[in-house]
Amino acid sequence: MRVGHGFDVHALVEGRKLVLGGVVIDHPLGLAGHSDADVITHAVIDALLGAAGLGDIGMHFPDSDPAYRDASSMELLGIITHAVGSLGYTIENVDVTLMAQEPKIGLHRPSMVENLAAAMGTEPARVNVKATTTEGLGFVGRVEGIAASAVALLKSRDDT
């Protein structure tokens, strides 16, 4: 068994769509970033990479590479899932915490879980997405940005 942790944060800005867990959410602000800036998916990618000992998202998809400009984070997650699988690991579970004062994600949570599970080729029951506000504190509370933290548990296919 291998455990990895991922964390991501992006600033909220005008003129960008808001993508969280592969879901485009109607909101006046979006997340700034080189790709679609999906903090949930980026945190999951980093958690998987950490568990597999494969570095971090910036090593695999550098923001200096124009090939990843406006890239779909779901597609990037699929690439990383394949890399993790090629090392002989399966995804036991992924748990994500979104830190956002707004928007509320309750209605979008099932779609986020489905999207993440599909991109990782696993069952939705192995994926959990939850959210919290920061009670108005810090950059999240001031609605300046959104953060996400994720934990992934991998199991070697050799373990029975």
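1. Asp-70 is partly exposed, at 49% relative accessibility. The value sits close to a class boundary, because exposed begins over 50%. Keep in mind that this is a predicted model. Asp-70 has a partner: its side chain meets that of Arg-16 in a salt bridge, at 3.3 Å from N to O. Arg-16 lies in the loop between β1 (2-13) and β2 (18-20), and Asp-70 lies in the loop between α2 (57-60) and α3 (73-86). The pair therefore ties together parts that are 54 residues apart in sequence. Arg-16 is also partly exposed, with a relative accessible area of 21%.

2. How many salt bridges does the model hold? The count comes to five. Side chains of opposite charge can pair when their charged atoms come close. One of the bridges joins Arg-126 to Glu-92, with the closest N and O atoms 3.6 Å apart. Arg-126 is in the loop between α4 (109-120) and β6 (127-132), while Glu-92 is in strand β5 (residues 89-99). This bridge ties together parts that are 34 residues apart in sequence. Arg-126 is partly exposed at 27% relative accessible area. Glu-92 is partly exposed too, at 23%.

3. The Arg-126 bridge belongs to a network. Glu-92, Glu-123 and Arg-126 are linked by salt bridges. Elsewhere, Glu-144 forms a salt bridge with Arg-142, and their closest N and O atoms are 2.9 Å apart. Glu-144 is partly exposed, with a relative accessible area of 39%.

4. Now the helices. The axes of helix α1 (residues 39-52) and α3 come within 10 Å and cross at roughly 10 degrees. The two helices are therefore roughly parallel, because angles under 35 degrees fall in that class. From α1, the contact is made by Thr-41, His-42, Val-44, Ile-45, Leu-48, Leu-49 and Ala-52. From α3 come Ser-73, Met-74, Leu-76, Leu-77, Ile-80, Thr-81 and Val-84. By class, the α1 and α3 contact has 10 nonpolar residues, four polar and no charged.

5. Helix α3 also meets α4. Their axes come within 8 Å and cross at roughly 40 degrees. How are α3 and α4 oriented to each other? They are oblique. The contact uses Met-74, Leu-77, Gly-78 and Thr-81 of α3. The α4 side supplies Asn-115, Leu-116, Ala-119 and Met-120. The residues of this contact divide into five nonpolar, three polar and no charged.

6. Phe-61 and Tyr-68 make an edge-to-face pair, 5.1 Å centre to centre, with 80 degrees between the planes. The edge-to-face label follows because planes over 60 degrees apart count as such. Phe-61 is buried, with a relative accessible area of 10%.

7. Is Phe-7 buried or partly exposed? Phe-7 is partly exposed, at a relative accessible area of 44%. Its C-alpha atom is 4.7 Å from that of Ala-43, 36 residues apart along the chain. Leaving aside neighbours within four places in sequence, Phe-7 is in contact with Ala-43, Asp-46, Met-99, Ala-147, Ala-148 and Ser-149.

8. Ser-156 is found in strand β7 (residues 145-156). Ser-156 is buried, with a relative accessible area of 18%, because the class covers values under 20%. Which residues does Ser-156 contact, leaving aside its neighbours within four places in sequence? They are Gly-88 and Tyr-89.

9. Some backbone geometry deserves a check. The peptide bond from Glu-102 to Pro-103 is cis, with omega near 0 degrees. Pro-103 lies in the loop between β5 and α4.

10. Positive phi values come next. Glu-135, a residue other than glycine, has phi near 55 degrees. Glu-135 is found in the loop between β6 and α5 (138-141) and counts as exposed, at 67% relative accessibility. Val-143, also not a glycine, has phi near 60 degrees. Val-143 lies in the loop between α5 and β7. Val-143 is partly exposed, with a relative accessible area of 22%.

Key
Residues numbered from 1 in each chain as written. Predicted model: local features only at pLDDT ≥ 70, side-chain atom pairs only at ≥ 80, totals over all residues. Heavy atoms only, no water. Phe/Tyr/Trp six-rings, centres within 6.5 Å; stacked < 30°, edge-to-face > 60°. Buried < 20%, exposed > 50% of the residue type's maximum accessible area, 1.4 Å probe, protein only. Salt bridge = Lys/Arg side-chain N within 4 Å of Asp/Glu carboxyl O. Helix = DSSP H or I, 4+ residues; strand = E, 2+ residues; numbered from the N terminus. Axes fitted to C-alpha atoms, helices over the stretch in contact; angles between N-to-C directions. Parallel < 35°, antiparallel > 145°, perpendicular 65-115°, else oblique. Contact = heavy atoms within 4.5 Å. Nonpolar A, V, L, I, M, F, W, Y, C, P; charged D, E, K, R; others polar.
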